[in-house]
Amino acid sequence: MNAFRNAMPKILLVEDNEMNRDMLSRRLQRKGYQVVLAVDGKSGVEMARTQAPDLVLMDMSLPVLDGWEATRRLKADAATQHIPVIALTAHAMSSDCEKALEAGCDDYDTKPVELRRLLGKIEAILSGGGMASGGESAS
Ligand SMILES: [Mg+2]
């Protein structure tokens, strides 16, 4: 990790499944991340505005507003469009992954989460080198 970066990047985890949410947030905290939580897509969009996280981990299958629509709203809002979003898709279905990128997600990972793989994607994006699809600023 880059020592000059914020020592504790803040991750917003949007996940409706309590067990997944608890487990993933605990494991991310143990790795040194500050974690804030939202339980549906609508509160995820609101939390992104109020908490200004460094990155969003977005489950796609969410109540109220699904992850695709929540991501579209984040990417349509000047206040939040710069925040990278990693989609968490329940299946390794390529259509879900494509849909996530089309909605504006910067990368995706499939559930069940394999922590080391996900951490690699998080760190790549936070260090500015991991955009899967044309991000506006690479540096
Ligand atoms: Mg879900």
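## Basis of the description

The model is a predicted one.

## The sheet

Five strands form an open sheet in the order S2-S1-S3-S4-S5, with parallel pairing. From one strand to the next, the twist averages 20 degrees.

The parallel pairing of S1 with S2 extends over 5 bridges. Within this pair, Ile11 has Val35 of S2 as its bridge partner.

## Helices across the sheet

Helix H2 (residues 41-51) contains the buried residues Gly41, Gly44, Val45 and Ala48. Viewed down the axis of H2, these buried residues fall within an arc of 100 degrees, so they line one face of the helix. An α-helix has 3.6 residues a turn, so residues three or four places apart point the same way. The buried residues of H2 pack against strands S1 (10-14), S2 (34-38) and S3 (55-59), and against helix H3 (67-76). H2 lies across S1, S2 and S3 and runs at about 165 degrees to S1.

Helix H4 (residues 94-102) lies across strand S4 (85-89) and S5, at about 155 degrees to S4.

## The nonpolar core

In soluble globular proteins, nonpolar side chains tend to be buried together. Here the largest nonpolar core comprises 32 residues, and Val14, Met58, Ile86 and Ala87 have the most contacts inside it. Leaving aside residues up to four places away in sequence, Ile86 touches several residues, including Leu55, Leu57, Met58, Cys105, Tyr108, Ile122 and Ile125. The partners of Ile86 also include Asp106, Asp107, Asp109 and Lys121.

## Backbone exceptions

Most residues other than glycine have a negative phi, and most peptide bonds are trans. Ala52, although not a glycine, has a positive phi of about 45 degrees. This residue comes just after H2, in the loop between H2 and S3. Ala52 is partly exposed, with 14 other C-beta atoms within 10 Å.

Val64 is likewise not a glycine, yet has a positive phi of about 70 degrees. Val64 belongs to the loop between S3 and H3 and is partly exposed, with 14 other C-beta atoms within 10 Å.

The peptide bond from Lys111 to Pro112 is cis, with omega near 0 degrees. Pro112 is located in the loop between strand S5 (107-110) and helix H5 (115-126).

Note on methods:
Residues numbered from 1 in each chain as written. Predicted model: local features only at pLDDT ≥ 70, side-chain atom pairs only at ≥ 80, totals over all residues. Buried ≥ 20, exposed ≤ 12 C-beta atoms within 10 Å, placed from the backbone. Helix = DSSP H or I, 4+ residues; strand = E, 2+ residues; numbered from the N terminus. Arc of directions from axis to C-beta. Contact = placed C-beta atoms within 7 Å. Core = buried A, V, L, I, M, F, W, Y, C linked by C-beta atoms within 7 Å. Pairing = 2+ DSSP bridges. Axes fitted to C-alpha atoms, helices over the stretch in contact; angles between N-to-C directions.
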